[in-house]
Amino acid sequence: MPSATLLGQALISGVLAGGLYGLLAMGLSLSWGLLRLVNLSHFALAFLAAYIVYELGTSYHVEPWWSAAMVVPLMFVIGAGQHWLFDRFKVNELASLLITFSFAVIVEVGIQLYWTADFRRYETEYATRSIKAGPFYIPVMELILCIVAGIIAWGTWLWLRRTYVGKALRAAAEDPEIAAAYGVDHKKLAYLLSGIGAAYAGVAGTFIALIATLAPAQIWAYLGVVFAVVIIGRLGNPLGALIAGMLIGASESIAMAVLSPAWAPVVSFSVLIVILLWDPDWL
């Protein structure tokens with residue numbers, strides 16, 4: 001049985017890792033919950049953003065934060081462009097899953113053609129920094145990721161509930177015809193939301209470039225667990241996505257410390273099954 005210190009460190013690492021799960025899940029949660037579009041390409045966009053940040057940093061020596069300032073607006077434009085295709089061809093929920101899966105495959109192939117399938121690591125001075133808190137070590141970059149994810153989740157939650165645009169999006173998701181009767185232009189708002197979701201993928205990609213080793217096939221490594229995060233956190237709920245991500249991250253990390261790394265996906269999906277069977281009111 002691992003020591004209390006080891007378990008505590010595993011819990012901290014898991015919660016911080018869950019911040020990335022939550023950040024990746026936010027865009028998918030918003031598009032699925034409010035637009036009824038299952039956009040699997042968010043994972044591919046996140047990794048495309050990560051590779052662009054890597055390229056800018058290693059080849060042109062651009063600081064990560066300046067890279068993010070370029071990559072995030074680019075992802076917004078791509079997200080809005082994707083929605084133009086969805087709207088132009090009247091794509092429904094099921095078709096969106098298949099189309100965006102295909103788009104993700106195309107992006108993966110494009111990454112392999114340009115950057116190859118080799119593992120790549122963006123070495124920065126930030127990657128190895130940590131804060132010592134008693135017997136525990138807190139990685140600085142992962143901590144910043146969680147803070148950023150928390151700000152984005154809280155800000156988006158407030159935006160959806162306190163602003164006219166947010167309320168209009170929620171109303172249109174519930175009943176588009178009634179919302180349109182009250183003057184809500186759901187089509188224009190959908191472009192905005194699609195762009196925002198893709199921009200969140202860009203933010204996640206920036207952090208992936210800074211904390212992870214990159215490989216094109218890793219696009220699919222997050223697919224199952226982030227789907228679980230979206231469902232547990234409830235569709236269209238950014239705060240729920242972040243909390244669920246931290247829950248799954250902590251569960252996986254504890255399982256790896258107590259049992260073995262092979263148990264991590266078993267634990268995450270077991271949590272999903274238990275919650276679905278429990279069927280709480282907030283789900």
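Biologist: How many residues in the lining of the largest pocket are nonpolar, how many polar and how many charged?

Modeller: They divide into 15 nonpolar, eight polar and two charged. The sorting goes by residue type: Ala, Val, Leu, Ile, Met, Phe, Trp, Tyr, Cys and Pro count as nonpolar, Asp, Glu, Lys and Arg as charged, and the others, Gly among them, as polar. A heads-up before we go on: this is a predicted model, where local features need pLDDT of at least 70 and side-chain atom pairs count only at pLDDT 80 or more, while totals for chains, interfaces and linings use all residues. Residues are numbered from 1 along each chain as its sequence is written, and side-chain values use heavy atoms, with hydrogens and water left out.

Biologist: What volume does the largest pocket have, and which residues are closest to its centre?

Modeller: Its volume is about 520 Å³. Of its 25 lining residues, Ala-17, Leu-20, Tyr-21, Tyr-222 and Glu-252 are the closest to the centre. A pocket here is an open set of points on a 1 Å grid over the protein atoms alone, where a 1.4 Å probe fits, with protein on both sides within 12 Å along at least five of seven lines; lining residues have an atom within 4 Å of a point. Points are joined across faces, edges and corners, and the volume is the space filled by probe spheres set on them.

Biologist: Which element gives the largest share of that lining?

Modeller: That's α1, with six residues. Among the elements that supply at least two are α1 (4-35), α5 (140-162) and α10 (238-258). Helices are DSSP runs of H or I with at least four residues, strands are E runs of at least two, and both are numbered from the N terminus.

Biologist: And what about the second largest pocket: what is its volume?

Modeller: About 260 Å³. Its lining has five nonpolar, two polar and four charged residues, including Arg-36 and Asp-87.

Biologist: Why does Arg-36 count as partly exposed?

Modeller: Arg-36 has 37% relative accessibility, so it counts as partly exposed: buried means under 20% relative accessible area, exposed over 50%, and partly exposed in between (1.4 Å probe, protein chains only). Arg-36 sits in the loop between α1 and α2 (41-59), and has a positive phi of about 60 degrees although it isn't a glycine. Most residues other than glycine have a negative phi. Thr-116 also has a positive phi, of about 70 degrees, without being a glycine.

Biologist: What makes Arg-129 and Glu-125 a salt bridge?

Modeller: Their closest N and O atoms are 2.9 Å apart. A salt bridge is a side-chain nitrogen of Lys or Arg within 4 Å of a carboxyl oxygen of Asp or Glu, so this pair passes. The whole structure has two salt bridges. Asp-185 and Lys-188 form one too, with closest N and O atoms 4.0 Å apart. Lys-188 is exposed because its relative accessible area is 61%, whereas Asp-185 is partly exposed at 36%.

Biologist: Which residues make the nonpolar surface patch?

Modeller: Phe-101, Val-105, Val-109 and Leu-113, over about 360 Å². Patch residues have over 30% relative accessible area and no salt bridge; like charges are joined within 9 Å, and nonpolar side chains (Val, Leu, Ile, Met, Phe, Trp, Tyr) within 5 Å.

Terms used: Areas by Shrake-Rupley, 256 points an atom, 1.4 Å probe, with all protein chains shown as cover.
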